[in-house]
Each structure stands twice: as C-alpha cells, then as structure tokens.
Amino acid sequence: FYDTDPAKRTKAVAGGRTWVDVAHALGSPSIRAHIQGRHGFKPDATLSAESLKELAAYGAEHNIIINLENDDNHTEDPFMIVDILHKVDSPYLRALPDFCNSMLTHDQAFNNRAMEAMFPLAYNIAHVKDSEVGDKDKLYTVDVAKCFEIAKAAGYRGCYSMEWEGREGPYEGTQKLIDLSLKYLA
C-alpha cells in the first residue's frame, strides 16, 4: 500500500477489493488488510492512507469494514496505523488491536499506549492474546487485564477473537483466553 510505484499501489488496492468481494459474497462484515512491507522501503503512512482510502471507499460501497492490525511491528506499527486512520477518516477503515503483538519489540508501557491509541478507532474486532513466542523461542506475555481495561475505557463494544500463540496446548491455551476474557468482561 505504500510502494513508491503507483502501479504497485493500484495492484495492492485491487487485491484488497478482491477480498472485499469475497467478504460480501460470504456475508462477512469485514476484512483485515495487511500492510505488507517491501525490502528497501520505509513504511509510509501518507502513501498507505492514499491507497487505503480507495479500499475503504470500495468497502463502503459493499458495507464491508477494512481492519488494520498491529501485526508487523515494522510495517504495521500501531501508531502508524492510527496515523493512517486519522488521514483517511472513514468509518470503513478501522483499527484491529491485538493485545500482544507489540510486545515482540516493545515493553508493556508501549503496548498500553498502543492499545490506548488503537481501541478508540476499533469497531468490530480485537484479538485477545496473552503471549507470543518470538525469536530464540522467547515467550513474551502481556497484561491481559490492562488491555481489557483500556478497551472498556475506550468504549469498545465489538467482538474479541481468541488468538492463542503460547506454549500450552492449543485447547488449553484457547480455554485460558476464553476464561480470562469472561473474567475481565464481567
């Protein structure tokens, strides 16, 4: 979405439109667009916003929301996402906060600021994740209670998806996330 070549940005938007069409055909209310990096190019919020404004307009035509997740700490930095969302200023382009993704390269204080910036711009989905395994098998954990506190303070009323990436088995790990979600949403 931020390639300096306009033809490549057009191609990225066309790819996003394909997924909007798929979501529309399936009756899904939204898609998640990935701001893919390109070797040698620094992420650019302005070019990304230009591209994503087109995609959001197409989503609006089909009543499909485009969500941006803080997934890649380089190309999808939470504060760059917030900048893009403000530049586009469309109800069809929203934040998709992931509780733990920023912990791979930052600390809990940064993660809290990221969640505080993203949750007011989120609408229909957020990822509940209490841990993630990074480089050299290092386990990163997040303060789940604090993430829910931030979401509540922002007035977030969308869905929470369970995204287990810890060390327990997937069934135990997912159940733990469900239990924590019920606890902190009560």
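Q: Is Tyr156 buried or exposed?
A: Tyr156 is buried, at 8% relative accessible area. Buried means under 20%, exposed over 50%, partly exposed in between, with a 1.4 Å probe and protein chains only.

Q: And Tyr160, buried or exposed?
A: Tyr160 is buried, with a relative accessible area of 19%.

Q: What am I looking at, by the way?
A: This is a predicted model: local features need pLDDT of at least 70, side-chain atom pairs pLDDT 80 or more, while totals for chains, interfaces and linings use all residues. Residues are numbered from 1 along each chain, and side-chain values use heavy atoms, without hydrogens or water.

Q: How many aromatic pairs are there?
A: Eight. Rings of Phe, Tyr and Trp (its six-membered ring) pair if their centres lie within 6.5 Å; planes under 30 degrees apart are stacked, over 60 edge-to-face, the rest tilted.

Q: Why is the pair Tyr156 and Tyr160 edge-to-face?
A: Their planes stand at 80 degrees, so the pair is edge-to-face; the ring centres are 5.2 Å apart.

Q: Which residues form the aromatic cluster?
A: Phe99, Phe119, Phe148, Tyr156, Tyr160 and Tyr184 form one cluster.

Q: Switching to helices. How do H1 and H2 cross?
A: The axes of H1 (residues 6–26) and H2 (residues 45–61) come within 9 Å and cross at roughly 30 degrees. Helices are DSSP runs (H or I, at least four residues), numbered from the N terminus. Axes are lines fitted to C-alpha atoms over the stretch in contact, with angles from 0 to 180 degrees between N-to-C directions.

Q: Parallel or antiparallel?
A: H1 is roughly parallel to H2. The cut-offs are under 35 degrees for roughly parallel, over 145 for roughly antiparallel, 65 to 115 for roughly perpendicular, and oblique for the rest.

Notes
Helices (H or I, at least four residues) and strands (E, at least two) are DSSP runs, numbered from the N terminus.
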